[in-house]
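Here is my notebook page for today.

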Amino acid sequence: MPMSKAFENRLAPVLRQAAAHFGTPFHIYDEAGIRATGLELKTAFSQTPGFREYYAVKALPNPRILEIMRDLGFGFDCSSIAEIALSRKIGAAPDDIMFTSNNTSREEFDCAFAQGGSLINLDDITLLEKMPQIPELICFRYNPGPRRSGNHIIGNPEEAKYGLHHDQVIPAYQKAREMGARRFGLHTMLVSNELNYEYMVDTVIMILALAEEVTAALGLRFEFVNIGGGFGIPYRPDQTALDLQTLGREAVACFDAFQKKNGYAPRLFIESGRYMTGPHGVLVTTAINEKNIYRKYIGVDACMSALMRPGMYGAYHEITVHGKTHAPLMEEPVDVVGALCENNDKFAIQRRLPEIVEGDLLLIHDTGAHGHAMGFNYNGRLRPKELLLRSNGAIELIRREETLADHFATLEFKQNIWRPKTHGL
Ligand SMILES: *Cc1c(COP(=O)(O)O)cnc(C)c1O
């Protein structure tokens, strides 16, 4: 899906000059677009009791972005120490943080508790014994296994490493209560980038049915249910957007029914990452080479270190050429490639684009979530800078590009050589 017209209208007139000022490549994010989507989310779920979004920090872990989420009244879904630290740094209170880790280490629990106790979402029943203390409020992540199908990115629930087996759910809450927990939440996340609202409604139905089952078995009440992230965005031009309004409406009906039957209703939490920021970022990169062998290649100054999704998942990202959005497409398709010594370092494969000359600016769309954050340094390739197009039109550097000094920093340390003891010699 091309970036929104509004974002394009804000960016296009200043892009050439901004690129000259900051230098390419860079990701640039659209504050106005992020705020608009945040309001859209809040409006769609305004009738659902106590709705709250916990922004999935891993999607775009930048303090300036997290500040926007805080302004919107959102909490933060964190799954690592770094993500907790970042959220705390921009002023998130402990109970604004949902800690949804998996394969959790002692150190991670200590961190979550040291901060004053975030909302702890446990990924397994055995972790009850491994926490430094039992928090008053406890949540478990549920994996329905063969009861549901998943999707391409996250895999089938039955093969996914997350969450508790269905049969462990009641024993887990029972045990947590015995150990001292007094308040309860229930979490699940089954899909990633799902565009079908009905799947999400089915997840609401599933999680409420399970809450009801546990309520009936143990006589406890759930303060919230959390259906995780996974709200999809249309990356391809022929995909239709998730029908958020209908999803919101049908969710309300599910909560009303629950209320009637059980005499109370839990709050609805979600943890959208992609939906909130995905469409509101583009990677801007300059064409630096053209090569004609068995195929035509356009070489750009960004590579996989800036955006892993095409190479990692075969994901599609729309590409446009600045100033040529209405130019005719060339007959011959091209591969748009970076410089990494991996043949999957391609932003597009056999794509028809307008004629591209050296110096053209290419926009790789929808990089506002799981873009920069997923980048890596293989092959000594450094990650690019991040910019934020403010609502007032200013463009702010919100992360500088990596330098060779950053890259070599872990090679500087005190010499440390250990020799095994040689007994009896
Ligand atoms: C990654 C993740 C999310 C966000 O997923 P999106 O597809 O970006 O919405 C939310 N919750 C958890 C636990 C996650 O791991």
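How far is a nitrogen atom of the ligand from an N or O atom in the side chain of D77? I found 3.1 Å between them.

Before going on, I noted that this is a predicted model, where local features need pLDDT of at least 70, side-chain atom pairs count only at pLDDT 80 or more, and totals for chains, interfaces and linings use all residues. Residues are numbered from 1 along each chain as its sequence is written, and side-chain values use heavy atoms, with hydrogens and water left out.

**Entry on D77.** I found D77 in strand β3, residues 75-78 (a strand is a DSSP run of E, at least two residues, numbered from the N terminus). Is D77 buried or exposed? D77 counts as buried because its relative accessibility is 10% (buried means under 20% relative accessible area, exposed over 50%, with a 1.4 Å probe and protein chains only).

**Entry on its partners.** Leaving out residues up to four places away in sequence, I saw that D77 touches Y54, Y55, A56, V57, E83, M98, T100 and E271 (contact means heavy atoms within 4.5 Å). With T100, the side chain of D77 makes a polar contact of 3.3 Å (a pair of N or O atoms within 3.5 Å; within protein, one must be able to donate a hydrogen and the other to accept it, and residues adjacent in sequence count only if both atoms are side-chain atoms).

**Entry on the ligand.** E271 turned up again: a polar side-chain atom of E271 lies 2.6 Å from a nitrogen atom of the ligand. For H370, I noted 2.7 Å from a polar side-chain atom to an oxygen atom of the ligand.

Notes:
Helices (H or I, at least four residues) and strands (E, at least two) are DSSP runs, numbered from the N terminus.
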